[in-house]
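Please open the model in a viewer and keep the selection tool at hand. The stops below are arranged so that each selection leads to the next.

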Amino acid sequence: MAHDISSASAAAPPSLVDAATSESRLARAVLTAVALGFVALFLLLPLTTVFIEAFRKGAGEFLAALADPETFSAIILTLTVAGIAVPLNLAFGVAAAWAIAKFEFKGKAFLTTLIDLPFSVSPVISGLVFVLLFGANSALGPLLQSYGLQILFAVPGLVLATVFVTFPFVARELIPLMQEQGTSDEEAALSLGATGWQTFWHVTLPNIKWGLLYGVLLCNARAMGEFGAVSVVSGHIRGQTNTMPLQVEILYNEYNFVAAFAVAALLALLALVTLVLKTALELRYSDEIAASRRH
Amino acid sequence: MEVRVQNIRKAFGRFPALDDVSLDIRSGELIALLGPSGSGKTTLLRLIAGLESPTEGTIFFGDEDASKKSVQQRNIGFVFQHYALFRHMTVLDNISFGLKVRPARRRPPVAEIRRRALDLIDLVQLSGLEKRYPAQLSGGQRQRVALARAMAVEPNVLLLDEPFGALDAQVRKELRKWLREIHDRTGHTTVFVTHDQEEALELADRVVVMSKGAIEQVGTPDEIYDHPVSPFVYRFIGQSSGLNVTLASGEIRFEDRPIGLRDANEADGPATLYFRPHDVELVDGCGGCLAGLVTGSRRVAGTRHLELNLGSAHPSVEIELPPERASSVDQSRIAFRPTKWKLYRRKEDLTAPPLQAQTSAIELAPTGT
């Protein structure tokens with residue numbers, strides 16, 4: 001269309017032959033500048049500050065801060081909690097998305113809404129829920145305690161709170177994808193004699209693997225970075241129940257800025273690695289992703 | 001393999017999709033399930049496949065009761081309207097899938113699987129494309145892969161759900177011919193679903209016409225076209241016109257005038273006269289005929305279609321004439337008489353007053369495509 005118009009009015013000034021959706025040069029420049037300025041001010045600047053502060057006294061101090069036993073234990077704890085919470089939510093997310101996208105059952109809409117709950121509830125409240133459930137005055141807490149099972153102020157509590165906060169990520173990513181793909185691929189596999197498990201493994205999983213990967217990456221980023229819910233259930237026992245975000249807060253409150261920013265930088269680095277990984281995979285497999293979305 | 005469907009009923013919630021349907025499918029035949037959307041044809045196909053389970057009734061594969069078997073155990077080949085190819089697998093892997101997932105004791109050796117898949121690729125004329133992914137194929141090619149994949153498991157019966165529904169007209173025609181050839185060569189018992197009557201009549205040995213969850217008629221394409229057993233089949237298959245007439249002592253009357261047709265076996269009263277546009281003869285001097293004003297004229301390939309107005313209380317009627325005949329009657333008023341026709345009585349015809357009979361004729365207007 002644009003070509004037809006431009007050839008018909010070749011003598012007209014260039015601004016008239018532009019496509020209907022293009023803006024004037026000034027508008028484009030302003031919009032770009034606003035977007036870039038905003039990103040720089042609210043994303044790049046804080047992030048750079050974290051790294052600058054972390055290395056203010058040199059790489060030696062930075063490494064020393066991370067090698068501190070309490071900080072080191074916080075790093076290990078964060079990795080442990082994420083290492084348990086992410087696989088749990090992976091399993092739950094696939095199961096929930098499978099159920100919602102491929103079956104009709106009563107309460108489906110309710111389940112879909114429920115999955116979004118952790119997004120809409122403040123993380124602090126999520127944490128408080130577990131305190132009420134497993135605290136000293138609850139029914140469950142003392143009972144479990146009598147079997148030697150400590151939930152609150154221990155790793156199980158941290159895992160529970162993290163699972164709660166991060167459970168929408170995988171399911172949210174998969175539900176629209178699986179709904180769009182429908183059930184005919186699975187039906188085809190079953191009609192060819194494949195068992196349920198073979199169908200899942202050879203047909204469903206390959207169809208959703210990219211969505212699943214995004215979901216897991218996002219879930220992992222949030223699991224490592226979660227502060228509010230974890231803060232309520234952790235009890236802040238140094239070297240035992242402090243995760244990295246909590247350790248950052250403690251160090252900062254003690255005016256130990258270099259150490260605080262060192263841990264923060266490490267946390268930010270984990271997030272950046274996640275992002276880079278995601279982008280790299282997207283570039284590497286862009287054809288395959290496009291093929292699996294279309295078709 | 002012979003497939004017998006006995007008194008099948010299927011309800012989705014409270015909505016009955018199929019009501020007491022019975023059908024015998026002969027071994028080796030190519031049979032079409034034809035009907036408008038919502039007629040239950042796809043549901044019947046999926047019930048035979050085992051993708052749905054019947055609310056009541058039984059399905060036999062040969063002498064075996066298949067209704068208690070799962071879709072995997074029935075060993076069928078199912079081809080989906082939108083192909084449902086595994087997008088992350090090559091053509092070769094797609095076709096080998098059914099053999100690869102078999103339990104070890106029934107699985108052919110790897111080399112054998114490959115050989116059989118390649119043979120099928122050859123059969124569906126896709127040699128050289130075995131390493132392609134579905135996204136790199138055209139619609140027609142994908143449907144052939146889907147068919148080869150379904151045939152790879154050596155199915156008891158091949159089931160195709162609107163196999164050409166998503167293809168454009170030209171490819172449809174080619175694939176239709178090609179499917180007939182493949183069927184004649186391999187001899188699989190094949191059931192296919194379609195809403196396209198032309199496709200059904202051209203391709204199938206027998207056609208099952210369905211409407212509103214029930215079978216209206218089963219027969220060869222000739223039987224279905226020439227001897228429709230119900231007004232629905234008359235309207236749905238091919239073109240037809242239905243006129244409200246009355247019977248008086250064996251004489252058919254339209255608007256109280258005799259039209260030169262007799263049906264001595266029917267009782268007096270209102271009825272509907274059906275005839276096809278091409279089954280008419282022009283008559284000179286109307287001593288007993290249908291007469292109408294020409295309101296439209298279209299040339300369609302080798303024939304001329306004339307639209308006639310037989311009176312404001314009746315729907316307009318279309319007749320087809322050879323172009324030279326049509327131009328010779330170049331006047332605005334035409335007298336004609338159906339040469340092949342059929343009279344149907346509706347239940348309400350026998351009780352309802354004439355005015356109501358006319359309104360119900362509008363409800364009866366063709367619904368098919």
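Between chain B and chain A, two salt bridges are counted, a salt bridge being a side-chain nitrogen of Lys or Arg within 4 Å of a carboxyl oxygen of Asp or Glu. The model is predicted, so local features need pLDDT of at least 70 and side-chain atom pairs count only at pLDDT 80 or more, while totals for chains, interfaces and linings use all residues. Residues are numbered from 1 along each chain as its sequence is written, chains are lettered from A and ligands numbered from 1 in the order in which they are written, and side-chain values use heavy atoms, with hydrogens and water left out.

**The interface**

Select E187(A) and R46(B), whose side chains meet in a salt bridge at 2.5 Å, N to O. On the side of chain B that touches chain A, the elements giving two or more residues are helix 2 (71–74), strand 6 (76–79), helix 3 (91–100) and helix 5 (139–152) of chain B. Helices (H or I, at least four residues) and strands (E, at least two) are DSSP runs, numbered from the N terminus. Helix 5 of chain B gives the most to that side, with three residues.

Next, display both sides of the contact, which takes 22 residues from chain B and 22 residues from chain A; contact means heavy atoms within 4.5 Å. The two chains bury about 2000 Å² between them, 61% of it on carbon and sulfur atoms. Buried area is the accessible area (1.4 Å probe) that two parts lose on being put together, summed over both. Colour Q72(B), R87(B) and V101(B), which supply 34% of the area that chain B buries against chain A, more than any other three residues.

**A buried histidine and a buried pair**

Move to H183(B) in helix 6 (residues 169–186) of chain B. At 6% relative accessibility, H183(B) is buried; buried means under 20% relative accessible area, exposed over 50%, and partly exposed in between (1.4 Å probe, protein chains only). Beyond its neighbours within four places in sequence, the contacts of H183(B) include E29(B) and D205(B).

E29(B) lies in the loop between strand 2 (15–25) and strand 3 (30–34) of chain B, and R206(B) in strand 9 (residues 206–211) of chain B, so the pair ties together parts that are 177 residues apart in sequence. E29(B) is buried at 6% relative accessibility, and R206(B) is buried at 11%.

Two strands pair if DSSP finds at least two bridges between them.

Strand 17 (residues 303–309) of chain B is joined to strand 18 of chain B by five bridges, and L308(B) has V317(B) as its bridge partner. Finally, show E281(B) and R337(B), a salt bridge at 3.7 Å, N to O. E281(B) lies in strand 15 and R337(B) in strand 19 (residues 333–338) of chain B, so the pair ties together parts that are 56 residues apart in sequence.
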